[in-house]
Every structure is written in structure tokens, then in C-alpha cells.
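The following exercises concern a single protein model and are to be worked with the sequence and the coordinates at hand. Each task is followed by a solution in steps.

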Amino acid sequence: MVLGSALCARRTAIGLKQEEVARLLGASKSKVSRIETGQHQFKEQDLARFFGIYQVTDPLEQAQLRELAEEANQQPWWQPWSAVAPKHLQAVVSFEEMAQRIRVYEPLHLPGLLQTKAYARAVIAGGSADVYHRQALVDLRMKRQQRFEAASADKKLICVIDEGSLKRRYGTPQVMQEQLERLIELAGSPRYLIRVAEQDRYDLPVHIGSTTIWDFSAQILPDIAYAEVFDGGLIFQDEEQVDKRTKAFDRLRRASLSPQRSIQRIKDLLNSGYYRRA
């Protein structure tokens, strides 16, 4: 999908239509369309012909595209979970892996990259999957966290946590207490920026709902946004749609508590005995 998007951008930049590219390749328009949407495996000879048609002469750009093609033709690390992870989740994991910065707002529960294993198990238990699938999804979530933690130091996670989700109990009081302790621990790392959207603030733009925005360091792929819904997820690549969600997220982030006050709010909740009373 990333490579296809890069080739599509190249085609658009030089003013060619898919029909013209198909004619120059001696292929069908549907093949060009499948390549650009990431639904067709890449061959070295096809990529070389694209370089000629799209006037890709820079050796560095050619090397980047060849590397993408090589990665696209390999099985992803999450392949063992492909039987239990729906397509939209597989896309989320892929973009999460490639992104240099991840911005996320979750109104109902904590973002997956922040969850403890026990909390994740309690959240996933609310779905319709059987016991085996639920455990597999928990294992996948933990693996995603491990890979994020092992990534380079400049890979960042910016989270806006709805205060209501901190008070919404998943699992036992002990599960919630351990989860809040984990949030405080992660906030000590410069790679995690956590802000709390206050529950009693009526003027916060929380209407954006569950939103994730992936920012990529290489300019090969533009920003992508994602909205999770009850039975799936929606991926936005249209520049205008992504821009609207990005601006809405940034407004919410700025209006939320500062990182320091956010962690203090979490500590206050942890020390208040709230979960023992719930």
C-alpha cells in the first residue's frame, strides 16, 4: 500500500493517467489500479519499468522504492495472528509499525499501546470473539507494545486520554490500579506524551471520537488517519479528511491538561480509593 501510494503520487506529479501507464506497461488499467492500492505483488522488472515511465532517476529514491517492494513481498511479523486479526486491525498494525509519530484519542478505554495485559484482556473480553481468539488478540497487543518499545528513540506516541475512560472500570480494582501505575511509569519516558481530557469540561472537542493519526518520517507516504467504530474501522487517506481530523485532534490536545497536570490527575485518582469504592 505504501509503495503503491508512492507510485500513484509519482504518476500524478508527471500528469499521467492510469490508462496511459497501462498502455506503456502493456498491462490492463485494473493492474495499475491494484498496484496503486497495494493489492498486487511487485516484481523487480515491473518496478524498473515504472522507474522509466515515471522518470525516477535519483538512485536514492530508486533504492527506497526497491526496499519498500522487498518488504511488501515479505510476510509481515504479525502474520501468525492474521487468522484472528480482522483486515482493519492488520492495517492498523502495519501503519503503527511504519509511523514515526502516532497521535491517538480514545474516549471509551485506554489506547492499546498503553494497556497492561490484564487491562487488555478485560477490554477484549467485551467483544464477541471466543476464548482462543481473545487470548490471541491480547498476545498481539502485547507484541505491538514490545515492538514500539524496541523502536528508535525518535518514535513517539502522543495520547489524549478521556478522563471518563480512567474512571470506567475494566476488570477488578487491582487491574485498574496496576493500569494507572503503568500510565505513570510510561509518562516518565520522553517517547510517551500523555494528556488527560477533563470529564467536566463541556467545551472540549471530544466529538472526534476514537481517532488515530500516523505521521511518517519519509515523505513517501502522507499522513493517514483512522477511526474505530463498533464493528470495524475506517482509514482516511484523503488529504482534506486527514487534515480535518488532525486539526481536531490538535485542538483537543491543546485544550487538555498539560502532561504534568495530567499525571497528577492520574496519581490523584489512583490515591483516592476510587476503585475500591466502585
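**Exercise 1. A loop residue**

In which loop is Thr172 found?

Solution. The model is a predicted one, in which local features need pLDDT of at least 70 and side-chain atom pairs count only at pLDDT 80 or more, while totals for chains, interfaces and linings use all residues. Residues are numbered from 1 along each chain as its sequence is written, and side-chain values use heavy atoms, with hydrogens and water left out.

Step 1. Helices (H or I, at least four residues) and strands (E, at least two) are DSSP runs, numbered from the N terminus. Thr172 belongs to the loop between α9 (163-167) and α10 (173-186).

Step 2. Relative accessible area under 20% means buried, over 50% exposed, and in between partly exposed (1.4 Å probe, protein chains only). With 42%, Thr172 is partly exposed.

Step 3. Thr172 and Met1 are separated by 171 residues in sequence and by 41 Å in space, C-alpha to C-alpha.

**Exercise 2. The whole chain**

Describe the overall make-up of the protein.

Solution. Step 1. Count the elements: there are 13 helices and 6 strands.

Step 2. Consider the extent: along the principal axes, the C-alpha atoms fill a box of roughly 70 × 40 × 30 Å.

Step 3. Consider burial and surface. Of the 278 residues, 45% count as buried. The accessible surface (Shrake-Rupley method, 1.4 Å probe; for residues, only the protein chains shown count as cover) comes to about 14,600 Å², and 49% of this belongs to carbon and sulfur atoms.

Step 4. Consider contacts, meaning heavy atoms within 4.5 Å. Among those between residues at least 6 apart in sequence, 72% join residues at least 24 apart.

Step 5. Consider charge. Lys and Arg count as positive and Asp and Glu as negative, with His and the chain ends not counted; each charge is placed at NZ of Lys, CZ of Arg, CG of Asp or CD of Glu. There are 40 positive and 35 negative side chains, and the centres of the two sets lie 2 Å apart.

**Exercise 3. Aromatic rings**

How many aromatic pairs does a search of the whole structure find? Examine two of them.

Solution. Step 1. Rings of Phe, Tyr and Trp (its six-membered ring) pair if their centres lie within 6.5 Å; planes under 30 degrees apart are stacked, over 60 edge-to-face, and the rest tilted. The search finds 8 pairs.

Step 2. One of them joins Phe95 and Trp214, whose centres are 5.2 Å apart with 40 degrees between the planes, a tilted arrangement. This pair links distant parts of the chain, with Phe95 in helix α6 (residues 87-98) and Trp214 in strand β4 (residues 211-215), 119 residues apart. Both Phe95 and Trp214 are buried.

Step 3. Why is the pair of Tyr274 and Tyr275 edge-to-face? The ring centres of Tyr274 and Tyr275 are 5.3 Å apart and the planes stand at 85 degrees, so the pair falls into the edge-to-face class. Tyr274 is partly exposed at 26%, whereas Tyr275 is buried at 2%.

Step 4. Phe95, Trp214, Phe216 and Tyr226 form one aromatic cluster.

Step 5. A charge sits over a ring if NZ of Lys or CZ of Arg is within 6 Å of the ring centre and within 35 degrees of the ring normal. Arg191 lies over the face of Phe148, 4.5 Å from the ring centre.

**Exercise 4. Val123**

Is Val123 buried or exposed, and which residues does Val123 contact beyond its neighbours within four places in sequence?

Solution. Step 1. Val123 lies in helix α7 (residues 117-124). With a relative accessible area of 15%, Val123 is buried.

Step 2. Leaving aside neighbours within four places, Val123 is in contact with His109, Gln115, Arg141 and Tyr170.

Step 3. Leu204 is 81 residues from Val123 in sequence and 25 Å away in space, C-alpha to C-alpha.

**Exercise 5. A backbone angle**

What is the phi of Gln55?

Solution. Step 1. Most residues other than glycine have a negative phi. Gln55 is not a glycine, yet its phi is positive, at about 60 degrees.

Step 2. Gln55 lies in the loop between α4 and α5 (59-72) and, at 52% relative accessibility, counts as exposed.
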